[in-house]
Amino acid sequence: MLVDQPWVVCLSRELSQQLSNPSSSAEDKNFLYQALGTVLASCRQLTHVQGQLLKYLKETDATSPCDRQGIASVVSYAAERHFYLALDAMRKFTQWLIAFDRRRKAQKGHQRAQAAWAAAMLTYGKVALHAPKSELLACVEEDILANILELFHACRKELQHKLALLNGIKEVTCAIQAADTKHSFRLCKKPEVLEILLDLMEEDACDTPVSQVHLKMLQLLEQLSTLKPCMDWENRCSQVAVCCWRVLSCPPEETELQSLQASCEEALGQLVSALLKAEGTSSAFADVVSILLRHLTSTKAWERERALQVCAQLLGTYEELFKCSRERTCSQFGSLVGVLGPLLSDSQATSRQRAGACLSCLLRIQACGMTKTRRAVLQVPDCKELCERLKSTEDGSLCEDPAKIAKGVCQYFPQGQARSFMDAIMKTFECANEERAQAAGDWMIVFLEACGKEIRPEVPEVVNILWKAMYTMQQGTLRDLLFQAARLLAGFHLQPVVDSLLQTELPSERYVRSPLAPLWPNSNPRLACGRQIQGSSRSHSSPRSLGSARSCARASGEAGIVCPLLARRAFGLWGGHQGCQRTGLTGERLVACRDMVQLWRSLGSSDLGPQVLRHLAERLDKAPKSRPLCNDADQELHRLKLLCAISEVVSALLTAEAVRDLLPHLLPVLLQWVSNELGVELLFPPLSPPRGLLLFKDTGQEELLCGLYCDALEQVLRRCLDERWQQVLCRHGVWPSLDLPQWHCNSVQLLTSVLLRARLVSRALIQTFLPWLHSPLPNLQVTALAFFAELMKDPPAEGKDLLKPLVRLFLEKLQHPSCAVQHMAARGLGSAVSGLPKKVQKHKRSIVAALEREMRNVDHPEVAAESMLALAEILAKQTAKGLGGAFRRIARSTRKFLDAEQEDLRFAAFSLYTALAAGAKDNLTTFFSGEVEQILGSLFLHLQDPSCAVSSVCRTALYVCAPFVEPKGLQVVVKNAIGRSGAQLQSEVCSYLVSEPCPGATLGPRGPAPSGEHGVTRPSVPPHAPRESEGSAARPLRPKQNSHLPALPQETHAPELLKTLKRQQKPPLE
């Protein structure tokens, strides 16, 4: 074509005139616009070219698509030879358009004005496409792309503007790709463009169908991914997440939009594949899969189908990358199998088909990483056979045998992906479709059966996943599957499973750690008394008040300490109401951990129950034995979980025989913690009645609260003992008193006695308690001594040889610094007379000497009382022969305790005197007759002792001492009164003394008893009478006020006694 001729200008004007003809068709106009652009490109009169360009840009009505496209054609064709001139014209038009809009804001919504904005953005893209490649890259960003973005920010952002923006940027991107042959160009405005595109993607709600805008955006994002600079992978993942959310989550499309939706899904798959190729790493694949998993586990069928389509494209791309890499395992094999496997049983045929295709591709990827040698060692079948089975699902039919497919797939499982598989399975559990959830449960069971042995490092994480699912699961059938999974896992890895369950955080732990100062609303009124016990003397409290006080003292500890009573409420251990809701400290609802209770019962009811129980006992035994402090709340909570687990497993065991077999492990562990909880209070307890083992009885309605360890111990023995023995323990209050320092030893003895009679004391149990005797903890020594003290009475045949060395050990323990240890050592020596008579006879002199020394222990009256009772046992069952002077010393020392203030000292002294009287024979007769003469007044006086036990043993002592009583008439009176009450016997003795006085007889000691000798002073009044003053002088013993017994002086001869009796004689007692 000839240039620089005048006719070129004329031709351009003629074309312009033809374009102004309204009768021209769209095709004619397109041709004319292109021809005009070509003519202007050939014209060298630049002023004419610029004028024509501005004229068409400003005057053409862009509302028509034909005219809008024509404007772009004119400018872009002209830019082929007048590139900068065209850019300058576009820049002026852009400024004019923005200025015009600012002057006339009212016309901003005008249709023609808004079409001009879209035409300008389209024109910039066309200019970039037709620009010379050598000149484009230098100005494409500042003069083209920047103006497109400026126009879009200033416009109203209608649909035509969005489409114009996307088309303009797309054409600019294509122009850059065509011009940048060396791939070195960096588009600095790429982040800004991506941000605008993502904003447009998120602009519409996901409940609206997709449009052309979304399709073009997906295509544009794929193109931009090839340009530099490469965005970091985090930003790319956010792009994928936004696009998946918009395309996959929208509702089902109408018939006319189905093709558009399919195109968007295809474009999304291509975008994901492009991003994965650009990154090319397994971590990128894992990130994209994690995004898709949210949609693959959706409750909406259409969302799962679309996600499966994208997943198939992703796996196809990754398969190509995986073959070129050196990786041996697919990093997301576990999570994808956990999602795709249950989808093989989906009710939708499309989902089954796509899931089968994805799973086949995944198996090929995993098989590619496994060499033939490794597959042969692991005995893994060829994946082709497995993929053939999946063809049934690819055809859309329902899988006939999903269990076989699951077993085949599990053979390809790589190590270290159990957690990801279980996470994916649990996400499927959360869906509302019960069929899919059931299928997920079946896959989980098959996986644990096939791969349970190989997942040892991941057991804690798997257990935590199961526990969280139990807490949120609602369907009962699915919960049973979770319990079955826990049992299967425990069958392979018992200890890690149990340890992990103990470390799981329970839903009520935050309430257990709450400040404990205020009592919660509607609390049990029994706890109110605990506020008043601080500073009070425990020696004067009843066992019942002590039990309530101890429980309340725990409940009202310092802030931050775990409260056992509150914890029992939280864990459902109090009163057997597991799973009930109660009110917390501040009024919040306190929910018991019902799921954990059911889980422990599930383990206990299986064949693993005894093993689980043994391991729990070992864990409790290894727990730190420190006293609970403010910083030990976690330890206390851990022990609480152990106790809860032990109680529930014991209650769920199939047979009581299993509990009996584990009793040598459970009983010592729980009793050890009971002893440890008593603290230093056990070492110096208040004096408890040493006579017999009958504990306290109370007719009140109030119930004692047992300690946590006592609760667990009661639960264990409930499965071992018959009903009658359980009633014995409950009737004597063993469980609440076991937790009290004052009654702990007696409770242990009664418990041991019941176990002996129930034949539950085995050799293994005895061997478990033996090391306690040498423990550095005095509490354990006291508990063990109480156990063996009762065991000595009637040793079992299989463990009798183990008890023989304990006699000498008891002798050594009499010198222990703790009075409680001395107390129980003396009791053990007294019990050994019945069970080990030969052993006691062998060391008789040493035992008697040691007990004689301890009965003079003035600092600890309870040790003295126990020593006298032990001597009474020895003298009653073995003769006094060979004791020599010890018999006389014991008799003289005992005489000084007959009028002691403590009831138990009087009881022990009269018991010992009974044994002394029975053993006083041969050469001891004369000596003992003189001793009886000294104590005859005490014998008569204590026939009506305020203590029924002392009165009874005093009457027995008087009967036994009768042969030594002078005169003979008084002896006859005592013998004839056998079987009568103490009051009647006392009355007859007084009557005899009045009627038959004997000048040679005395009813008191011949001389005054030395005050303070052996630390025991004869009281000025009987121990049951009130004192008048602390410094009052010693006076004769008198009965309490309103008593029928006449006042008897301490030292009174028969003539004086007659006068006294005549003055104070009263009518006989009924």
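This passage describes a predicted model of one protein chain, from overall confidence down to single residues.

Residues are numbered from 1 along each chain as its sequence is written. Local features need pLDDT of at least 70, side-chain atom pairs count only at pLDDT 80 or more, totals for chains, interfaces and linings use all residues, and side-chain values use heavy atoms, with hydrogens and water left out.

Confidence was examined through pLDDT, the predictor's confidence in each residue, from 0 to 100. The chain has a mean pLDDT of 76. A value of 70 or more is reached by 76% of its residues. Elements are DSSP runs numbered from the N terminus: helices are H or I, at least four residues, and strands are E, at least two. The lowest mean pLDDT among the elements, 36, belongs to helix α27 (residues 543–555). The highest, 93, belongs to helix α38 (residues 763–769). In residues 690–704 the pLDDT is below 50. That stretch still has 41 contacts in the model beyond near neighbours in sequence, a contact being heavy atoms within 4.5 Å. Residues 998–1070 also have pLDDT below 50. For this stretch, the count beyond near neighbours in sequence is 108 contacts.

The chain contains 52 helices and two strands. Of contacts between residues at least 6 apart in sequence, 76% join residues at least 24 apart. Burial was assigned from relative accessible area: buried is under 20%, exposed over 50%, and partly exposed in between (1.4 Å probe, protein chains only). On this scale, 56% of the 1070 residues count as buried. The accessible surface is about 46100 Å², from the Shrake-Rupley method with a 1.4 Å probe, where for residues only the protein chains shown count as cover. Carbon and sulfur atoms account for 50% of that surface.

Cysteines were checked next. A disulfide is a pair of cysteine sulfur atoms within 2.5 Å. The count comes to zero disulfides. For C954, the closest cysteine sulfur is in C961, at 9.3 Å, too far for a bond. C954 is buried, at 0% relative accessible area. C710 is buried too, at 1% relative accessibility.

Of the 17 residues, 16 are buried, so α42 is mostly covered. S818 lies in the loop between α41 (806–813) and α42. S818 is buried, at 4% relative accessibility. At the start of α42, a side-chain oxygen of S818 reaches to within 3.3 Å of the backbone nitrogen of A820.

E852 lies in helix α44 (residues 844–854). At 4% relative accessibility, E852 is buried. The side chains of E852 and R856 are joined by a polar contact of 2.8 Å. Such a contact is a pair of N or O atoms within 3.5 Å; within protein, one must be able to donate a hydrogen and the other to accept it, and residues adjacent in sequence count only if both atoms are side-chain atoms. Neighbours within four places aside, E852 contacts L871, A886, R889 and I890.

L791 belongs to helix α39 (residues 778–791). L791 is buried, with 0% relative accessible area. Its contacts, leaving aside neighbours within four places in sequence, are T752, L756, V761, I766, P796 and L803. L791 and Q749 are 42 residues apart in sequence. Their C-alpha atoms are 8.2 Å apart in space.
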